Amino acid sequence: MLDFCYPRLCAGCQQPAASSFLCGDCARLFSRHIHAPACIACAMPLTSDAAPCPYCRGRSIAPFQRIIRLGNFDDPIRSMIHQVKYHRRWPVGELLADALIKTERAKGLLTEIDAIVPVPLHYWRFVGRRYNQSALLAAALAKQCSLSVLPDGLRRIRAIRPQPGLTRKQRPDNVRG
């Protein structure tokens with residue numbers, strides 16, 4: 001009766017999904033994005049696993065030594081992130097954390113760190129949203145890996161414009177400082 005009144009919707013395309021967070025088509029796309037080749041230093045997409053990185057040339061992006069990512073920021077991953085971020089579908093965040101932990105790139109990094117520090121929200125953005133989606137993901141990752149979360153490890157000192165809608169050139173200027 002509950003499924004009839006509240007049918008399960010795919011977190012990727014918002015179409016009815018039989019039993020999980022993703023419909024069959026979105027599940028296949030999700031898997032393809034997770035397994036797509038990426039630079040081991042900056043996480044940018046590559047044409048193949050052994051290809052040289054045209055973005056960082058294998059030197060990573062300062063001040064980071066290494067960056068990992070779940071997959072390409074395309075649908076259904078983009079849509080799933082937006083479900084967590086803007087529509088409070090926190091179980092989708094746990095699904096994303098579970099998927100990230102299962103990747104080899106994450107397993108390597110998570111064994112080398114002592115704690116996870118979520119990206120902070122500005123106070124007014126936190127008041128409006130009432131939660132920090134980054135902290136939710138950090139908590140899910142930390143719980144599964146027996147790591148500490150340092151929720152106050154970073155502090156956002158000024159409000160920024162929302163990144164969606166900004167050009168690639170405008171984004172670094174928006175977060176500078």
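This briefing covers the nonpolar cores, cysteines, salt bridges and one surface patch of the structure above.

The model is predicted: local features need pLDDT of at least 70, side-chain atom pairs count only at pLDDT 80 or more, and totals for chains, interfaces and linings use all residues. Residues are numbered from 1 along each chain as its sequence is written, and side-chain values use heavy atoms, with hydrogens and water left out.

**Nonpolar cores**

- A nonpolar core is a set of buried Ala, Val, Leu, Ile, Met, Phe, Trp, Tyr and Cys residues joined through side-chain atoms within 4.5 Å. Buried means under 20% relative accessible area, exposed over 50%, and partly exposed in between (1.4 Å probe, protein chains only).
- The largest core holds 26 residues, of which Leu 22, Phe 30, Leu 70, Met 80 and Ile 116 touch the most other members.
- At least two residues of this core come from each of α2 (24-34), α3 (77-87), α4 (90-101), α5 (104-110) and α7 (133-145); helices are DSSP runs of H or I with at least four residues, strands are E runs of at least two, and both are numbered from the N terminus.
- The greatest contribution, six residues, is that of α4.
- Apart from this core lies another, of seven residues, including Cys 39, Cys 42, Cys 53 and Cys 56.
- Beyond its neighbours within four places in sequence, Leu 70 has contacts (heavy atoms within 4.5 Å) that include Phe 30, Ile 77, Leu 96 and Arg 105.

**Cysteines**

- The whole structure has zero disulfides, a disulfide being a pair of cysteine sulfur atoms within 2.5 Å.
- For Cys 53, the nearest cysteine sulfur is that of Cys 42, 3.6 Å away.
- Cys 53 is buried at 8% relative accessible area, whereas Cys 145 is partly exposed at 24%.

**Salt bridges**

- There are six salt bridges, each a side-chain nitrogen of Lys or Arg within 4 Å of a carboxyl oxygen of Asp or Glu.
- Asp 74, Asp 75 and Arg 78 form a network of them. The closest N and O atoms of Arg 78 and Asp 74 are 3.5 Å apart, and the N to O distance between Arg 78 and Asp 75 is 3.9 Å.
- Lys 107 pairs with Glu 104 at 3.4 Å, N to O. These two are three residues apart in helix α5, so about one helical turn separates them.
- Lys 107 is partly exposed at 39%, and Glu 104 is exposed at 59%.

**Surface patch**

- Val 117, Leu 150 and Leu 154 make a nonpolar surface patch of about 240 Å². Patches are made of residues with over 30% relative accessible area and no salt bridge, with like charges joined within 9 Å and nonpolar side chains (Val, Leu, Ile, Met, Phe, Trp, Tyr) within 5 Å. Accessible areas come from the Shrake-Rupley method with a 1.4 Å probe, and for residues only the protein chains shown count as cover.
- Val 117 lies in the loop between β1 (115-116) and α6 (123-129) and is partly exposed at 36%.
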